[in-house]
Amino acid sequence: MSSHQMPLMFVRHAEAEGDHRLGDESRPLTLEGRATFRAHARKLARLTPMVGIATSPLVRAIQTAEILAEAFGLAHVELLPELRPRPQAPKRILHMARELGPGWMLVGHNPSLAVAGARALEQEELPGKLRKGAVLALHPQGKHFSLAWMATPGRSLFKPDAPSRGRSSEGQD
């Protein structure tokens, strides 16, 4: 499969601990979050091959990216500070999505990923919530993207029948 046939994925980090003595950036995934996301990542890897992973440098995102790398058989994960949860993150995420292109997974945080995903689809919001561990798969179409599917741990794969607008995509980390 050529990289142009592969989707570009926005991946929200898996379930993380509520707090950490060293601060928010150091919060690791919970044991349950790791186990649930590991099973989810294996299912994703059966859907499509991918060529690369870029992640936020926060611990919970790095750990999510490492699980993806294992499931997809990828040896390298790139740390990109642009994926940190910041006010300008959605704009930076879209720029990176266009630059990296199909076959890449961008691992980050909400609401940045949900906002970037909605903008990529030229919508107010995503057709569903981008929950912890969820994946938004997009296909490039010129300057913008079309929705290929959304996958959330423990839920059925969502494939759009037609363009939809609807439920909230917001949610904080």
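Modeller: Helices (H or I, at least four residues) and strands (E, at least two) are DSSP runs, numbered from the N terminus. The model is predicted, so local features need pLDDT of at least 70 and side-chain atom pairs count only at pLDDT 80 or more, while totals for chains, interfaces and linings use all residues. Residues are numbered from 1 along each chain as its sequence is written, and side-chain values use heavy atoms, with hydrogens and water left out.

The segment before β1 contains proline 7. With a relative accessibility of 4%, proline 7 counts as buried (under 20% relative accessible area, with exposed over 50% and partly exposed in between; 1.4 Å probe, protein chains only). Although 131 residues separate proline 7 from leucine 138 in sequence, their C-alpha atoms are 5.2 Å apart. Beyond its neighbours within four places in sequence, proline 7 is in contact (heavy atoms within 4.5 Å) with Thr48, Met50, Pro102, Gly103, Trp104, Ala137, Leu138 and His139.

Strand β1 spans residues 8–12 and includes arginine 12. Arginine 12 is likewise buried, at a relative accessible area of 4%. Its side chain reaches the backbone oxygen of leucine 130 at 2.8 Å.

Most residues other than glycine have a negative phi, and most peptide bonds are trans. Asparagine 110 and proline 111, however, are joined by a cis peptide bond with omega about 5 degrees; proline 111 belongs to the loop between β4 (104–108) and α4 (112–120). In the loop between α4 and β5 (135–141) sits glutamate 122, a residue other than glycine whose phi is positive, near 55 degrees.

Helix α4 also packs against helix α3 (residues 89–100): their axes come within 8 Å and cross at roughly 55 degrees (lines fitted to C-alpha atoms over the stretch in contact, with angles from 0 to 180 degrees between N-to-C directions). The crossing of α3 and α4 is right-handed, that is, the near helix is turned clockwise from the far one by less than a right angle. From α3, Ala89, Pro90, Lys91, Ile93 and Leu94 make the contact, and from α4, Ser112, Leu113, Val115, Ala116, Arg119 and Ala120. By class, the residues of this contact comprise 8 nonpolar, 1 polar and 2 charged (Ala, Val, Leu, Ile, Met, Phe, Trp, Tyr, Cys and Pro are nonpolar, Asp, Glu, Lys and Arg charged, and the others, Gly among them, polar).

Note on methods. Polar contact = N/O pair within 3.5 Å; in protein donor to acceptor, adjacent residues only side chain to side chain.
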